[in-house]
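Here's a quick briefing on one protein model, with the cut-offs spelled out as they come up. Have a look at the structure first, then read on.

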Amino acid sequence: MTHSPAMNIEPLRIPFSIPAPSAPLARFVFAYIIFTPRSLTLIDAGVAGSEQQIFSHLQQSGRRPEEISSLILTHAHPDHIGAAKAIREATGCTIAAHGADQAWIEDTDRQNRERPVPGFDQLVGGPVAVGRVVEDGDTLELGDGRILEVIHTPGHSPGSISLLLLPDMALFSGDAIPVPGDIPIYDDPVASLKSIERLMSIDGITSLFSSWDELKEGEEVYWAMDDGYARIQEVHDVVKGVLADHPGIDPAELTGMVGREIGLPAGPENPLVTRSLLAHVRALQKA
């Protein structure tokens, strides 16, 4: 575990798996705890059951789960909201999220219908009410002189947010910045690129805490943003080329051909990858 003692930020790497026909797909997600003397702020909740790992870590740190005053959800996807209901019930914390993702957090059955994920019911512990709807530019007071500034970074989902911790200049980017070589997951590649451009325009970021990558510090912060930006552009160019060579290709074939070009491992097509690639198709049709 990487610990940032000066900022009192602790990452929790939460492993989980997504069912697949051949073998489960191993994944992980980071949740983050911001420690202040009087309260705790949790960024994202992991999948269902993650509350056990989170609470155990707090107890080992000499803190109590009941000290969690706020749980901020960077977006509504299963690996970020899965344990939110259990954490809310155990601690009474306020749930904060962007309004554009609120419906999927408060009605998880609707999310499952509109964005089906294999094993959704095992990943999500149920719906939870959003007690504070945040918008771009809002600030959340954490105590001990620390403030979280909300930055709306849509693309991965309509209501995706990043959070800038002040005065530390530590950025929590959720899933806004893709990782090169990993599967592309977003609903709008054009919006994703604009969101990364916005994050890149912020001077002086000291640390980058992503939901699906290790801690980046110093120059690595902006290199990671550059790499994520380039990954979306790479996928876009490959989709464009495949469509030019194979007009009318069906989504499954598109996923297979693009996946091979961008270096995804062979195996059953991931419906979330297909969803991302079709978003590129729509973007090309609008261009």
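Helices (H or I, at least four residues) and strands (E, at least two) are DSSP runs, numbered from the N terminus. What you're looking at is a predicted model, so local features need pLDDT of at least 70 and side-chain atom pairs count only at pLDDT 80 or more, while totals for chains, interfaces and linings use all residues. Residues are numbered from 1 along each chain as its sequence is written, and side-chain values use heavy atoms, with hydrogens and water left out.

- As background, most residues other than glycine have a negative phi, and most peptide bonds are trans.
- The L166 to P167 peptide bond is cis, with omega near 5°.
- P167 sits in the loop between β9 (161-166) and β10 (170-174).
- M169 is in the loop between β9 and β10 too, and its phi is near 60°, a positive value in a residue other than glycine.
- D44 also has a positive phi, near 75°, and isn't a glycine.

**The loop between β3 and α1**

- D44 belongs to the loop between β3 (40-43) and α1 (50-60).
- With 1% relative accessibility, D44 counts as buried (buried means under 20% relative accessible area, exposed over 50%, partly exposed in between, using a 1.4 Å probe and protein chains only).
- G46 is in the loop between β3 and α1 as well, and its relative accessible area of 1% makes it buried.
- Leaving aside neighbours within four places in sequence, G46 is in contact with I14, V29, P78, D79, H80, I81, G82 and A83 (contact means heavy atoms within 4.5 Å).
- G46 and R13 are 33 residues apart in sequence, and their C-alpha atoms are 9.0 Å apart in space.

**Helix α8 on its own**

- α8 covers residues 219-245.
- The buried residues of α8 are V221, A224, M225, G228, Y229, R231, I232, V235, V238, V239 and V242.
- Those buried residues pack against β10, α7 (189-200), β11 (207-210), β12 (216-217), α9 (251-261) and α10.

**Helix packing around α10**

- The axes of α8 and α10 (residues 271-286) come within 10 Å and cross at roughly 70° (axes are lines fitted to C-alpha atoms, for helices over the stretch in contact, and angles run from 0 to 180 degrees between N-to-C directions).
- α8 and α10 are therefore roughly perpendicular (65 to 115 degrees; under 35 counts as roughly parallel, over 145 as roughly antiparallel, and the rest as oblique).
- On the α8 side, the contact uses I232, V235, H236, V239, K240 and L243, and α10 brings L277, H280, V281, A283 and L284.
- By class, the contact of α8 with α10 has eight nonpolar, two polar and one charged residue (Ala, Val, Leu, Ile, Met, Phe, Trp, Tyr, Cys and Pro count as nonpolar, Asp, Glu, Lys and Arg as charged, and the others, Gly among them, as polar).
- α9 and α10 pack at about 95°, with their axes 10 Å apart, and that makes them roughly perpendicular.
- Here P251, L254, T255 and V258 of α9 meet V273, T274, L277, L278 and V281 of α10.
- The contact of α9 with α10 splits into seven nonpolar, two polar and no charged residues.

**Nonpolar cores**

- The largest nonpolar core has 69 residues, and L71 and I87 touch the most other members (a nonpolar core is a set of buried Ala, Val, Leu, Ile, Met, Phe, Trp, Tyr and Cys residues joined through side-chain atoms within 4.5 Å).
- α8 supplies the largest share of this core, with nine residues.
- Apart from it lies another core, of 19 residues, including Y32, V134, I161 and F172.
- Beyond four places in sequence, L71 contacts L42, D44, A45, A84, I87, C93, T94, I95 and A96.

- L123 is in α6 (residues 120-123) and is buried, at 7% relative accessible area.
- A100 is in α4 (residues 99-106) and is partly exposed, at 43%.
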